[in-house]
Amino acid sequence: MVGYLRQIVRLLRFYWVLEGRNRQLVNGVLLYVLAILLLVSYLFRQPEGQVWLGVYWMVLLFAAVNAGVLSFMQESGGRRWYYYQIADPLAVYVAKSLHLTGLLTLVAVTSGVLLTVFFGLPVKEIKWLVLATLGAVLGLSFLFAFLAGLSSATRHQAMLTTVLGFPLVIGLCLLAARIASAGLMSGVSMDDLRQDILMLAGLDLILGGMGVLLLPTFGAINRPAVPADQ
């Protein structure tokens, strides 16, 4: 257990160092957020609650897709073999998921603050927005970490990862958006959203469990063999 934790911490440091050098995701998301804010302010002046939430979820989904694309790029070439040489495949998956979770949480907080500064906060029950965001961030992180590992294991079959990822992303975002929409109204109780919350939590658990069960097998199969003379 201690060995796994050390591998995860080492990989997380490696991922953040790469993120600090490249900054592709951060720069791309900031540019996207500023463009969306200018467009919304021009079209709606003071957007209603549903438009505010729509912009918020578009920014988060854009960041998730870009983070997933960068994960595919990072898993290409010899870097994938390097990961599997220094860490167990399960540790690689967990570290990748935690890294994406941190990035998407940062994007969600930044976009929420900017939208609130420019247009105010139409959400009356902030707890539902926070709960929906956490569920979406976890699910998207698990999904794109799994797809990144699956893409590298299947020699980057783009069609396979697209077919697997698209319906899961849509379903996850629809559930999260439905829960967040309840925050626009007052007096919504847990009983009113129990089914949606359980479905979102169940989908997150399925995505996380799918990665934990399948990716270590793919990693073990694709781990490079050490030459006999070394």
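Predicted model: local features only at pLDDT ≥ 70, side-chain atom pairs only at ≥ 80, totals over all residues.
## Overall fold

The protein chain has 8 helices and 0 strands. Along the sequence the pattern reads α-α-α-α-α-α-α-α. The chain holds 230 residues, and 43% of them count as buried.

Helix α2 covers residues 24-44. Helix α3 spans 49-74 and helix α5 spans 89-119. Helix α6 runs over residues 126-153. Helix α7 takes in residues 158-181, and helix α8 takes in residues 190-222.

## Salt bridges

Side chains of opposite charge can pair when their charged atoms come close. How many salt bridges does a search of the whole structure find? The count is 2.

One joins R178 to D196, with 3.1 Å from N to O. This pair links distant parts of the chain. R178 sits in helix α7 and D196 in helix α8, 18 residues apart. The two partners also fall into separate accessibility classes. R178 is at 48% relative accessibility, so it counts as partly exposed. D196 is at 9%, under the 20% limit, and therefore counts as buried.

The other salt bridge joins D191 to R194, at 2.4 Å from N to O. Here both residues belong to helix α8. They are 3 residues apart, about one turn of the helix. D191 has a relative accessible area of 56%, over the 50% cut-off, so it is exposed. R194 has 43% and is partly exposed.

## The second largest pocket

Rolling a probe the size of a water molecule over the atoms shows where empty space is left. The second largest pocket has a volume of about 220 Å³. Its lining is made of 13 residues. Which of them lie nearest the centre? They are Y56, A108, V109, V130 and T133.

Helices α3, α5 and α6 each supply at least two lining residues. Helix α6 gives the largest share, with 6 residues. By class, the lining has 10 nonpolar and 3 polar residues. No charged residue takes part in the lining.

## A nonpolar surface patch

L39, Y42, L43 and F44 form a nonpolar patch on the surface. Together they have about 470 Å² of accessible area.

F44 lies in helix α2, which covers residues 24-44. Is F44 buried or partly exposed? With a relative accessible area of 42%, F44 is partly exposed. A patch member needs over 30% relative accessible area, so F44 clears that limit at 42%.

L134 is in helix α6. At 48% relative accessibility, it counts as partly exposed. The C-alpha atoms of L134 and L104 are 9.5 Å apart, while the residues are separated by 30 positions along the chain.

L138 is also placed in helix α6. Its relative accessible area is 36%, which makes it partly exposed. L138 and L205 are 67 residues apart in sequence. In space, 9.3 Å separates their C-alpha atoms.

## Two buried positions

Helix α8 contains L207. Is L207 buried or exposed? L207 is at 2% relative accessibility, so it counts as buried. L207 and F146 are 61 residues apart in sequence, and their C-alpha atoms are 8.0 Å apart.

Helix α5 contains A91. A91 is at 0% relative accessibility and counts as buried because that value is under 20%. A91 and G3 are 88 residues apart in sequence. Their C-alpha atoms are 9.5 Å apart in space.

Key. Residues numbered from 1 in each chain as written. Heavy atoms only, no water. Patch = residues over 30% accessible without salt bridge, like charges linked within 9 Å, V, L, I, M, F, W, Y side chains within 5 Å. Areas by Shrake-Rupley, 256 points an atom, 1.4 Å probe, with all protein chains shown as cover. Salt bridge = Lys/Arg side-chain N within 4 Å of Asp/Glu carboxyl O. Helix = DSSP H or I, 4+ residues; strand = E, 2+ residues; numbered from the N terminus. Buried < 20%, exposed > 50% of the residue type's maximum accessible area, 1.4 Å probe, protein only. 1 Å grid on protein atoms, 1.4 Å probe; cavity = no way out; pocket = protein on both sides within 12 Å on 5 of 7 lines; lining within 4 Å. Points joined across faces, edges and corners; volume = space filled by probe spheres on them. Nonpolar A, V, L, I, M, F, W, Y, C, P; charged D, E, K, R; others polar.
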